[in-house]
Structures are given as C-alpha cells and as structure tokens.
Amino acid sequence: MSARTSLHLAAEIGGPPHYDAGHYLRLARLAEGGALDYVTLGDSFARPGLDALAVLARVAPATDRIGLVPTVTTTHTEPFHVSSAVASLDWVSNGRAGWHVEVSTTEAEARLFGRRPAAAPAALWQEAGEVADVSARLWDSWEDDAEIRDTATGRFIDRDKLHYVDFTGSTFTVKGPAIVPRPPQGRPVTVIDAVGAPAKEAAARHADVIHIRATTPEQAAALRHELRTRAAAHGRDPDALRVLVALTVDLGDVESAPEPGLESGPQLAARGTYFRGGPVDLADLIAQWHRSGAADGFHLTPITPERDLERIVNGTVALLQHRSLFRTFHPGGTLREHLGLARPAGRYARAATASKEA
C-alpha cells in the first residue's frame with residue numbers, strides 16, 4: 001500500500017423496500033454520526049421501491065457531512081439525463097454526491113422500456129464506461145466561473161465558457177453542453193463494483209472508488225494491485241483510486257441460523273463476501289486487512305440495516321476510533337475530501353488556457 005494510510009468506511013442503507021424517506025434519513029444520519037465516508041442506496045429495474053437518487057436528494061438537505069451514493073443504472077437510460085441528475089444531487093448536497101454505476105442485464109428489465117433487447121455484459125459495461133466518460137465531460141462543459149449573474153447587464157452566463165462535448169459512443173451521441181452548472185466537486189465521485197472482467201475494465205478507466213470482493217487479505221491485495229496497474233496503463237494516477245472490500249455483514253445473534261444459502265465466513269455468497277460475527281470481530285478483521293495493505297477500506301452491507309448499522313457505528317467503528325484507526329469527524333465538507341481525492345480541473349478550461357498560451 002502507498003504511504004497514504006487513511007482507512008475509508010462506507011455502508012449500504014438499502015434492504016427491503018421502504019416508502020418513507022424518514023427511514024433512509026435515520027440510517028444516513030446514523031452513518032454520519034460515525035464519520036463514515038459515504039452511504040450507498042442500491043437500486044435496479046428488477047426490484048420494487050423508490051428511486052435511489054431521488055431518495056438521497058431528499059436526504060441531502062437533512063444531513064451535513066455524509067457522502068451520498070445512489071445506484072444509477074446506465075442501461076436503457078439517457079446519459080444526458082443521468083449526468084444532470086447526479087450533478088443536481090451534488091448541488092443539493094453541497095458537494096457530497098457520488099453515483100454507483102450499474103448495468104441492467106435481463107430481458108425482463110429490457111421489456112420495461114421496450115426499446116432494445118438485453119445485451120451481453122461486455123457490451124453493457126462498454127456502454128456504462130462511455131456514460132461515465134460523457135458524464136465527466138458534461139460536468140466539465142461549464143467552466144467553474146461560467147456563471148456571471150450580472151443583474152445590471154442581464155447576463156447570466158459567459159457563453160465562451162460553455163463547451164460542446166460532441167461525444168459519440170457505441171449506442172448514443174451527446175452534443176452538450178450540460179444544462180446544470182459544473183458541480184461543487186467538479187465531478188461527483190464515480191463508484192463501480194469490479195465484478196467480472198468487463199466491469200473491472202470500466203472501473204480501471206473511470207472509477208474513483210472501486211468495490212471488490214475477496215475472501216482473504218492476499219486476494220484483496222492482488223485485486224487492488226491489478227486495478228491500480230490497469231488504471232496506470234490508462235494514464236491515470238493510481239494513487240487517485242480508492243479500492244474498498246465489499247462485505248455483507250450479519251452482526252446479529254451469532255448462535256442463530258444464517259440466512260438460507262449463507263454460511264459463516266467470510267466467503268463468497270449471493271450478496272457478496274459475507275461476514276458473520278460480532279462488532280469486535282468485524283473491527284479486528286478490518287484492522288488486520290487494512291494494516292496488511294489489502295485495501296483502502298471497506299464497504300459494508302448490513303443484512304438487517306436497522307439493527308446491524310447501529311452495531312457497526314456504535315460497536316465496530318467506535319472501537320476502530322478508540323484504537324486510532326479511524327477518524328472521529330469528517331475532515332472536510334465534500335465526499336472527495338472525505339476520500340482524500342483532489343477536485344479535478346475542468347478539461348475544457350485547461351484546453352482554452354493552453355490555446356491562449358500558444
């Protein structure tokens with residue numbers, strides 16, 4: 001692991017569908033009290049429930065520091081709309097937004113839209129990578145100082161500081177510019193689960209945070225090294241990448257029977273790598289793996305959010321804080337600051353500056 005040793009922790013707040021935004025707000029505030037980097041809220045076209053991005057837009061003004069990362073499916077959706085929605089979440093949260101990129105693989109989900117049949121994972125993840133690419137370009141299409149808001153002259157924007165992106169992907173084209181000004185973070189944080197070769201390639205090219213699944217610290221370290229190497233091959237700084245181990249967590253009565261199909265672990269299961277034990281055991285595992293250089297942190301999915309997230313925050317996280325292994329407060333106001341990631345400069349502003357200097 002690099003010289004940077006900060007431990008990063010995040011948690012999923014989804015579970016059985018709830019139609020009360022207060023449920024998700026309570027969980028987000030609980031995670032915020034533990035100084036976690038961010039919460040995720042899973043979503044897909046195959047499940048009933050509220051739209052994750054809309055729910056977290058409701059949670060945003062009622063929280064102060066916690067990062068908010070909804071799952072956003074790039075299949076069957078319009079990239080321009082996706083970009084605008086994620087940028088809007090960054091604005092309403094004052095720079096705490098991310099998005100968890102996901103694809104839709106089934107024919108049943110395709111029939112919900114009726115525009116095209118289901119496609120192979122390789123094609124879907126190629127498209128997802130292109131959506132991530134064009135979203136970043138759209139977020140950059142407004143220079144940071146493009147807004148003038150001069151009431152005396154009636155000028156709202158400097159049109160010379162808005163840029164066409166003119167992007168052509170495998171399934172779509174986008175001219176741009178965006179309709180939403182450049183987000184507070186410059187670019188909201190992009191999160192991708194690196195499960196399977198196509199997703200791994202998209203993650204190495206475009207993700208700021210990558211979730212991996214591993215059953216041993218050695219396996220996690222190998223995956224982290226592979227992803228950092230791939231990112232470097234694409235011209236990216238591998239130190240600007242955070243790799244978190246995804247862990248499904250059951251902190252209930254350890255003497256009760258596990259969910260059907262799940263056994264004590266950690267080991268691979270339908271919902272990812274699975275841990276069953278107590279808050280102290282989980283703290284020991286996190287500390288051991290992180291100290292060994294296995295990963296930059298953990299993304300924890302509670303089996304029972306209302307029960308297990310409380311035990312994660314008030315048990316596991318409190319113990320890690322007591323051991324001086326995890327912070328006791330958020331170091332900044334934005335999700336990028338929590339993760340130790342710099343705010344990226346806009347590519348079109350750089351190009352314009354270089355052109356003037358030439």
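This is a predicted model: local features need pLDDT of at least 70, side-chain atom pairs count only at pLDDT 80 or more; totals for chains, interfaces and linings use all residues.

Visitor: Which residues have the most contacts inside the largest nonpolar core?

Guide: Here's the general idea: in soluble globular proteins, nonpolar side chains tend to be buried together. In this model the largest nonpolar core has 87 residues, and the ones with the most contacts inside it are Leu9, Ile13, Trp99, Ile212, Leu282 and Phe298. Helix H5, residues 121-140, supplies the largest share of this core, with 9 residues. There is also a second, separate core of 10 residues, with Val209, Leu244, Leu335 and Leu339 among them.

Visitor: Next, helix pairs. At what angle do H8 and H9 pack?

Guide: Look at the angle and at the distance between the axes. Helix H8 (residues 279-291) and helix H9 (residues 305-322) pack at about 50°, and their axes are 9 Å apart. H8 and H9 are therefore oblique to each other. Their crossing is right-handed.

Visitor: Which residues of H8 and H9 meet there?

Guide: On the H8 side you'll find Pro279, Val280, Leu282, Ala283, Ile286 and Ala287, and they meet Arg311, Ile312, Gly315, Thr316, Leu319 and Leu320 of H9. Sort the residues of this H8 and H9 contact by type and you get 9 nonpolar, 2 polar and 1 charged.

Visitor: And how are H2 and H3 arranged, roughly parallel or roughly antiparallel?

Guide: Start with the angle again. Helix H2 (residues 52-59) packs with helix H3 (residues 79-92) at about 15°, with the axes 9 Å apart. That angle is under 35 degrees, so H2 is roughly parallel to H3. H2 passes H3 in a left-handed crossing. Leu53, Leu56 and Ala57 of H2 make the contact with Ala85, Val86, Leu89 and Val92 of H3. By type, the residues of this H2 and H3 contact are 7 nonpolar, no polar and no charged.

Visitor: Where is Arg182?

Guide: Arg182 is in the loop between strand S8 (173-174) and strand S9 (189-193). At 5% relative accessibility, Arg182 counts as buried. With residues up to four places away in sequence left out, the residues Arg182 touches include Trp91, Trp139, Asp140, Trp142 and Asp144. Arg343, Pro344, Ala345 and Gly346 are among its contacts as well. Arg182 and Ala294, on the other hand, are 35 Å apart in space, C-alpha to C-alpha, and 112 residues apart in sequence.

Visitor: Which residues is Tyr19 in contact with?

Guide: Leaving aside neighbours within four places in sequence, Tyr19 is in contact with Pro48, Gly49 and Leu50. Tyr19 and Gly49 are 30 residues apart along the chain, and their C-alpha atoms are separated by 7.0 Å.

Key
Residues are numbered from 1 along each chain as its sequence is written. Side-chain values use heavy atoms; hydrogens and water are left out. A nonpolar core is a set of buried Ala, Val, Leu, Ile, Met, Phe, Trp, Tyr and Cys residues joined through side-chain atoms within 4.5 Å. Buried means under 20% relative accessible area, exposed over 50%, partly exposed in between (1.4 Å probe, protein chains only). Helices (H or I, at least four residues) and strands (E, at least two) are DSSP runs, numbered from the N terminus. Axes are lines fitted to C-alpha atoms, for helices over the stretch in contact, and angles run from 0 to 180 degrees between N-to-C directions. Angles under 35 degrees count as roughly parallel, over 145 as roughly antiparallel, 65 to 115 as roughly perpendicular and the rest as oblique. A crossing is left-handed if the near helix is turned anticlockwise from the far one by less than a right angle, and right-handed if clockwise. Contact means heavy atoms within 4.5 Å. Ala, Val, Leu, Ile, Met, Phe, Trp, Tyr, Cys and Pro count as nonpolar, Asp, Glu, Lys and Arg as charged, and the others, Gly among them, as polar.
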